[in-house]
Protein chains: 2
Amino acid sequence: MNAPSRSPLAQAFPAMPAVRGARFATGASGIRYKGRDDVLLALFDPGTTVAGVFTRSSTAAAPVLWCRQALKGGKARAFVVNAGNANAFTGAAGMAAVKATVAAAAKAGGLPKGAVFVASTGVIGQPLEVERIAALLPGLAGRASEDAWGAAARAIMTTDTFPKGASRATAIDGAPVTVNGIAKGSGMIAPDMATMIAFLATDARLPSDVLQAVLARATRLSFNRTTVDSDTSTSDTLLLFATGAAGNKPVARPNDARLKGFREAVEAVCLDLALQVVRDGEGAGKLVEIRVAGARSATQARRVALGVANSPLVKTAIAGADANWGRVVMAIGKSDATLDQRRISVAIGGHAVAHRGGPPKGYDEAPVAAHMKGLAIDIAIELGLGRGTATVWTCDLTHGYIDINADYRS
Amino acid sequence: MNAPSRSPLAQAFPAMPAVRGARFATGASGIRYKGRDDVLLALFDPGTTVAGVFTRSSTAAAPVLWCRQALKGGKARAFVVNAGNANAFTGAAGMAAVKATVAAAAKAGGLPKGAVFVASTGVIGQPLEVERIAALLPGLAGRASEDAWGAAARAIMTTDTFPKGASRATAIDGAPVTVNGIAKGSGMIAPDMATMIAFLATDARLPSDVLQAVLARATRLSFNRTTVDSDTSTSDTLLLFATGAAGNKPVARPNDARLKGFREAVEAVCLDLALQVVRDGEGAGKLVEIRVAGARSATQARRVALGVANSPLVKTAIAGADANWGRVVMAIGKSDATLDQRRISVAIGGHAVAHRGGPPKGYDEAPVAAHMKGLAIDIAIELGLGRGTATVWTCDLTHGYIDINADYRS
């Protein structure tokens, strides 16, 4: 098949300053793709701490199983990512491939194996030609550079049509700190996880348990509020590496007031990346924000919002720029959240389309139809029952999604 | 838009013998469609009993709310169905429209209002021009016939590409009994409900509580095992009318051995109709059967099966005839059922594609790829944990679904 064309919602790759103590190099394994880099080696200075969140899939890939174990040590020196083969549902051979990758990276960098993290993304259920990856690693270790964030973001892409990066500057107790992140999508994206592969690096000096708390909260506020197609990957991996090069004073608790800026920076980078993943959702033509208010609880609000975000009929109506708000009502109604349809109101693009159980008086579809033609669709739902709120983001469901997924083996 | 072309999985409308005591007439209201009948009036002889199951949506349409009440009486004399406007999320005006329809049908047939049932299917959230329906009913009542099953099935269609009917002959305690049914799909189809609109009529003589138990079980075994697009309609209605004309001896308990043949006939008609709805799923090109065995419970097996059946990535792979079994594993894994990936095996078309956590030894994709090119796709999943089993049916996700739903306002 032809490569999918660049998403109309694509963003330019941002300027990414170096994160002191974090270096990158990329190479081409030839495992699946031709003429592009598909292996990333990230190296971190001694003292780097790490946090991570992973897919909740029961068929999690071998690299995820490895990372969950390695995370217990709280220290990281290297991260190896390959794109094109997910090394998922590959049984004992899959774990052997992970260990071979880890051993090769440890040898290339002179590192302890327990400080090497691995992620794989691509086709599920195919044996990984790990020797092609291992052969690259000594060369990559020799040329890793702090200035290769763009190359890193490109090397981990699969069906992505643009590389995804985000950066924020902040400070901890007066010491300047950088938070960078990159991510890849772009199908098999659903919440209750991280996204497929994303990682952040910062020069902050923080213990791993503090990092973990900051990252878990940021995940809830970002990746776990997005969905492309309701399918949860076997390989979702989100890692946060902190090199400590900023030399800030020690902070031992995640809710320490001195970490406010850092928490916000991590949350902002995660949300930026998560929205870029949605903007590059397979076949995406429109970015859709769904806000639910008035639910009995935040959990119920999120459930309603995700029901709307994952509804094929809502997503195809948006693809067709059809102001068919009845489908939004349908998707609300199928939720098992507590609902009273006589209290439900819906606005699209700020225009009321349904008011407490029926069409609003004197409803004029024209401004709603105009909004539906845009690239950013806004759906606000009021349930009228309580104070629970939630916001989620998704994209539309288009011919492009069928093109990509009826032909591309991912 | 052009009307969708006839499903490649379409079935011919079967021979439908008369059900004594059940008469039908159809007419054209002009509310939404041009040049076709879109209103059905069914009339039942005195003594007809009725059972029903309905959508579990919290935004159930006004006709559903009416039928739930009317069902408490257990008696039916008429059923009015209109296609093109669902009279859903239409507030107080929607219930007034239902009552106007009921009043018109009651007057036309000289019937008690509580014995008139109503169903509407089509666009959600638009006021129903009920006077157009009411104006037709006297004429329809005058020409209703026992031989109009085909016309009835055609009149209730929306995006359906073929009319759906099924018939079985059975006996109760020696008395011959007929069970007929018709249904319409073909999007907004997901389980935990009936389908959009279906009804059965039989000449059996049975009390309504017995009918209800038989119908509830049949629904679990048929409609609730199918899904087209995971979206649950506001209007799902399944009714079973029993005219009593067969004159069989009284039977007071649903599990009476004398009802075995009748139960099986109702179940067969429901399953036949449910599979026809899937065969006509919007854009469907292939009928997919998913069988799960070895789950901890039947409930968990069904959850896994539905996760696979509703996965956009599985459904698009099937549309593309891609033997991409990794997506099946992904869809199994995202379920919250108890799983151990080292025990999971998958077969497609009878060929092992995954065996206890990884690819089978010497895996040959050729016969699987050949099976994927067919019209009937068979996926068997063994979880290796217990004795729970489930079977569900779905269709693939194609460009046709996008065509229909990005343009058609349903």
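What radius of gyration would a compact globule with 410 residues have, and what does chain A have? The globule would be near 22 Å, and chain A has 22 Å, so the two agree. Keep in mind that this is a predicted model.

Let me stay with chain A for a moment. Its C-alpha trace spans about 70 × 50 × 35 Å along the principal axes. The chain holds 11 helices and 14 strands. Of its 410 residues, 63% are buried. The accessible surface is about 13700 Å². Carbon and sulfur atoms account for 52% of that surface. Now the contacts. Take those between residues at least 6 apart in sequence: 81% of them join residues at least 24 apart.

Next, the two copies. How many degrees of rotation superpose chain A on chain B? The rotation is 180 degrees, with 0.0 Å of shift along its axis and an RMSD of 0.0 Å. That is the relation of a two-fold axis. In chain A, the C-alpha nearest this axis belongs to A:His399, at 3.0 Å. Both copies use the same surface: 100% of the contact residues of chain A recur in chain B.

Hold on to that residue number, and come to helix H9 of chain B, residues 326–333. Is H9(B) enclosed or open? Eight of its eight residues are buried, so the helix is largely enclosed by the rest of the structure. The run goes B:Gly326, B:Arg327, B:Val328, B:Val329, B:Met330, B:Ala331, B:Ile332 and B:Gly333. Note that an arginine is among the buried residues, B:Arg327. What covers them? Part of the cover comes from the other chain: helix H11 of chain A, residues 399–407.

Look at the faces. On one side sit B:Ile197, B:Phe199 and B:Ala201; on the other, B:Ala198, B:Leu200 and B:Thr202. Both faces are covered.

And its partners? Strand E7 of chain B, residues 175–184, pairs with E8(B) in the antiparallel sense over six bridges. There, B:Val179 stands opposite B:Thr202. Strand E9 of chain B, residues 237–242, is joined to E8(B) by six bridges as well, but these two run parallel. Here B:Phe199 of the strand faces B:Leu239 in E9(B). As a reminder, strands of a sheet pair through backbone hydrogen bonds, either parallel or antiparallel.

Last stop: the open sheet in chain B. Which order do its four strands take? The order is E1-E2-E4-E5, with mixed pairing. Strand E1 (22–27) and strand E5 (116–123) stand at the edges. Each has a single partner strand, so one side of each is left without a neighbour in the sheet. On average, neighbouring strands are turned by 15 degrees against each other, direction ignored. Helix H2 of chain B, residues 91–109, packs on this sheet and touches E4 and E5. The helix direction makes about 130 degrees with that of E5(B).

Inside the sheet, strand E2 (residues 39–44) and strand E4 (residues 78–85) of chain B run antiparallel, joined by five bridges. One of the pairs to find on screen: B:Leu43 has B:Ala78 as its bridge partner in E4(B).

Note on methods: Residues numbered from 1 in each chain as written. Chains lettered and ligands numbered in written order. Predicted model: local features only at pLDDT ≥ 70, side-chain atom pairs only at ≥ 80, totals over all residues. Heavy atoms only, no water. Pairing = 2+ DSSP bridges. Axes fitted to C-alpha atoms, helices over the stretch in contact; angles between N-to-C directions. Contact = heavy atoms within 4.5 Å. Rg over C-alpha atoms; globule rule 2.2 N^0.38 Å. Buried < 20%, exposed > 50% of the residue type's maximum accessible area, 1.4 Å probe, protein only. Areas by Shrake-Rupley, 256 points an atom, 1.4 Å probe, with all protein chains shown as cover. Least-squares fit on C-alpha atoms with pLDDT ≥ 70 in both.
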